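Reader: Hey, I'm new to this one. Can you walk me through a few spots?

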Amino acid sequence: MSNENGSCTLPPPPRDGIAFNTLPWNLNLPDEHSYIHLKTTPDKGWTIEHYDPETDAGELTDAHKPYGTTPLSLYPSTTSLNYGTTIWEGLACRRSPTSDKAIVFRPQKNYARFVNGARAMCLPAPSYELFMRGLQLVLQENADLIPPAPELDPETGVPQGGAKLYIRPMLLGSGQQLGLHPSPEISLLFFVSPTGSYFQGKTMGGLKLHLERRRSRAARGGTGNVKCCGNYAVTMRPLLDAKEKGFHDNLYLELDTYHNPPPGTSSRLQQAILQELSAANIFLVLKTGEIVTPSLKRGTILPGVTRDTVLTLAKEFKDELKPIMAESIRMAGMGEEKKDNDIEITVSERDVCVADLLSATEVFVTGTAAEVVPVQSIGTSETPAEELDGEEEESFSVQFPHGESSAGPVTNKLLEMLREVLAEKRSSEATKDWLCDIYASPEEFRKGGCA
């Protein structure tokens, strides 16, 4: 979308009086923003009455409500309250330090995951056009809550971390019933909140993760790959327990591989397969030159957008990572020292075992909220005797060569690459449609790419 002079429309300046970079990662300033709410039924679904992309008209264009004074009307028998039929997505809108445009990152991937979740929860999925226009309109309506563009590192010119306007599309069963059936009414919502960053500026010391051996986040055949509310509820008690023990988060196992090891296994814990954290994917940088993350094929891991982004960047700019990988291995003192050109980098998605952690020079996690965050250590804790039922339990602990005081070279480089893409300072054929300008035309926004 252009103005009368043919130049691109830019967002209004950030609202005065808000210290954006001091905001926590939470719901902030709820009385200052508006949200979108649409309803339908399973029989009707989402139609051109809700949004017609041919005319850019429908209920969607007049569905804004003040967040602080217009709560949802939910009855005790609401389906989503009783049976958990709620899915949601998390996206971020940032100001580009290069063009000052307001940019959403890879919403196409979020829509694909949203559709998968809708199918799993027996909810009619909105069309791609409705989903994308809903994002665009809620952001335009709250555009003065988009924080200032991130500052550039004076040494490298790489954008530093900063605040963002978080967007959460939701789809939930909002109808009334007692029976275990799909909801007779469905609500589609889009709401926002300005949020601070997990880390200011460069990455800091890494996370201490607890290797959870007793409780499961997801099992094969379940909904571990669906962004539904139940996947987060099940991690809350274990997360609080881990924090009480001095850890930042839990790293979950495929518990069936822990409890049912192959015959002759010397360590059932070390052969167990890793999943992910409470709300983040995990990556290992191995001394062999492999950058690896657990595979999605088991259906127990959420297909994170930042996860996919890191995989793509690592493959796309593999040659650029060679000297960085060599530095990581050299500084860690692991393996045979090689020249930069002799390093073979492989980027993999496969089953990752606990034993693989012992060969890692770096470990990091990825997510919309945190971007790329280093891990300094992973270990177990002692289980109370009354919970063991006479069962013996292995312990495990590893401190990684990089991550204690700052991110390792590969972790830091991948974070820089991600932030360069977000700031329109790095691009390739693979990244060309990743950035969506909220003031582009609806068609251009759906297509992606900032011209």
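This is a predicted model: local features need pLDDT of at least 70, side-chain atom pairs count only at pLDDT 80 or more; totals for chains, interfaces and linings use all residues.

Reader: Okay, so is R94 buried or exposed?

Author: R94 counts as buried, because its relative accessibility is 16%.

Reader: And what does its side chain meet in a salt bridge?

Author: That's E371, at 3.4 Å, N to O. A salt bridge is a side-chain nitrogen of Lys or Arg within 4 Å of a carboxyl oxygen of Asp or Glu. R94 sits in strand β4 and E371 in strand β14, 277 residues apart. Strands here are DSSP runs (E, at least two residues) and helices are H or I runs of at least four, numbered from the N terminus.

Reader: How about E371, buried or exposed?

Author: E371 is buried too, since its relative accessibility is 7%.

Reader: How many salt bridges are there in the whole structure?

Author: A search finds 23. Another one joins R307 and E349 at 2.8 Å, N to O. R307 is in helix α6 and E349 in strand β12, so the pair ties together parts 42 residues apart in sequence.

Reader: Are those two buried or exposed?

Author: R307 is buried at 2% relative accessibility, whereas E349 is partly exposed at 41%.

How values were computed: Residues are numbered from 1 along each chain as its sequence is written. Side-chain values use heavy atoms; hydrogens and water are left out. Buried means under 20% relative accessible area, exposed over 50%, partly exposed in between (1.4 Å probe, protein chains only).
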